[in-house]
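Subject: Model for you to look at

Hello,

Here is the model we talked about. Please open it alongside the notes that follow.

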Amino acid sequence: MKVASWNVNSVRTRIDNILEWIKKENPDILCLQEIKVVTESFPREPFEDLGYNLIINGQKSYNGVATLSKFLIEESITKIPNFDDDQARYIETVHSVNSKVIRISNIYLPNGNPYPGDKFDYKLNWMKALKEHLISLNIRDESFVLLGDFNVIPESIDAYDADKWLNDALFTIETRKEFREIVSLGLNDMYRAYNPLAKDFTFWDYQRGAWQKNEGIRIDHILASPIAADQISNIVIDKEERDKNKPSDHVPIIAEIDL
DNA sequence: ATGACTTGCGCGGCAAGA
């Protein structure tokens, strides 16, 4: 089955692109970030018509995440437990697939700029709360995938020019340290695992002709527990989507997972 | 280069993104 993540930068503005992409890729589970709409106004029907069950965690104007699944969603939560968050950035779901299960956390991790400042502190606190929650889950003992827009450039190879990002909240040493601590709980960066030396990106700014100059960064990730990693047989970044009319500034990342 | 895009909100021009 295909599990995908995509920061769509407004689900209502991007609806035609998303539906066209779904018809092309036919993902079984699709995790969206930055839907920029309240839950009640999410355009449910076109997705339900394509056979998806929906869990939506929306917010007015900013943020918001949605998880679409062709499978039965047995459990879902829309908050990181024990973390008081007034922004819609998390959905955790358990999907029942042919009598097997997979747990998926769909995240829109805070941007954190400007650095330093309150927004950066919020980002680090959010990451620490996520880490504490992942510790409480026994992710080493189940098929677990953590995916979404991390707003983290893990290593220098993940930016067109890392020197330009040294004091940015996406790449500061504190951000990368916290990311490593999350990975160290037993998660694998699947795109990097399959492409050890690739300088590939998932985001290109709308400004300065960044796409045309390939000045991108890799900040959308699919991390997998050991059991899930063994179930993943391929992972791709669909950069062609960035060339479409009225694109999101992020492109989808898709994993092939067979439970 | 102080900007440069794009979106939501809401109807003028910010805030936020990364």
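Predicted model: local features only at pLDDT ≥ 70, side-chain atom pairs only at ≥ 80, totals over all residues.

Residues are numbered from 1 along each chain as its sequence is written, and chains are lettered from A and ligands numbered from 1 in the order in which they are written.

Loops and backbone

Arginine 208 counts as exposed because it has 10 C-beta neighbours inside 10 Å. Its place is in the loop between strand 10 (203-204) and strand 11 (216-217); helices (H or I, at least four residues) and strands (E, at least two) are DSSP runs, numbered from the N terminus. Although arginine 208 is not a glycine, its phi is positive, about 60°.

Asparagine 63, also a residue other than glycine, has a positive phi near 60°. The loop that holds asparagine 63 runs between strand 3 (53-57) and strand 4 (65-69). With 19 other C-beta atoms within 10 Å, asparagine 63 is partly exposed.

Two cis peptide bonds are worth a look. One joins asparagine 113 and proline 114, with omega about 0°. The other goes from tyrosine 115 to proline 116, with omega near -5°. Proline 114 lies in the loop between strand 7 (100-108) and helix 3, and proline 116 is found in that loop between strand 7 and helix 3 as well.

Helix 1

Which residues of helix 1 (residues 15-25) are buried? They are Ile18, Trp21 and Ile22. These residues lie on the same side of helix 1 because they cover an arc of only 100° around the axis, the arc being that of the directions from the helix axis to the C-beta atoms. An α-helix has 3.6 residues a turn, so residues three or four places apart point the same way. The face turned away from the buried side of helix 1 carries the exposed residues Asp16, Glu20, Lys23 and Lys24. Strand 2 (29-33) is included in what covers the buried residues of helix 1. Asparagine 26, which follows helix 1, has a positive phi near 50°.

Helices 3 and 4

Helix 3 (residues 118-136) packs with helix 4 (residues 173-183) at an angle of about 10°, and their axes are 10 Å apart. Axes are lines fitted to C-alpha atoms, for helices over the stretch in contact, and angles run from 0 to 180 degrees between N-to-C directions. The angle makes helix 3 roughly parallel to helix 4 (under 35 degrees is roughly parallel, over 145 roughly antiparallel, 65 to 115 roughly perpendicular and the rest oblique).

Helix 3 contributes Leu124, Met127, Lys128, Leu130, Lys131 and Leu134 to the contact, and helix 4 contributes Glu174, Glu178, Glu181 and Ile182. Two residues are in contact if their C-beta atoms, placed from the backbone, lie within 7 Å. By class, the contact of helix 3 with helix 4 has five nonpolar, no polar and five charged residues. Here Ala, Val, Leu, Ile, Met, Phe, Trp, Tyr, Cys and Pro count as nonpolar, Asp, Glu, Lys and Arg as charged, and the others, Gly among them, as polar.

Within helix 4, the buried residues are Thr175, Glu178, Phe179 and Ile182. Because they cover an arc of only 100° around the axis, they sit on the same side of helix 4. The buried residues of helix 4 pack against helix 3, while the face turned away from the buried side carries the exposed residues Ile173, Lys177 and Arg180.

Contacts across the sequence

Glutamate 256 is in strand 14 (residues 253-257). Glutamate 256 and valine 3 are 253 residues apart in sequence, yet 6.5 Å apart in space, C-alpha to C-alpha. Not counting residues up to four places away in sequence, glutamate 256 touches Lys2, Ile232, Ser233 and Asn234.

DNA

Of the 22 residues around DNA strand B, those that come nearest are Ser10, Thr13, Ser61, Asn111 and Tyr206; a residue is near a molecule or strand if its C-beta atom, placed from the backbone, lies within 6 Å of it. The surface near DNA strand B has six nonpolar, nine polar and seven charged residues.

Regards

Technical notes
Buried ≥ 20, exposed ≤ 12 C-beta atoms within 10 Å, placed from the backbone.
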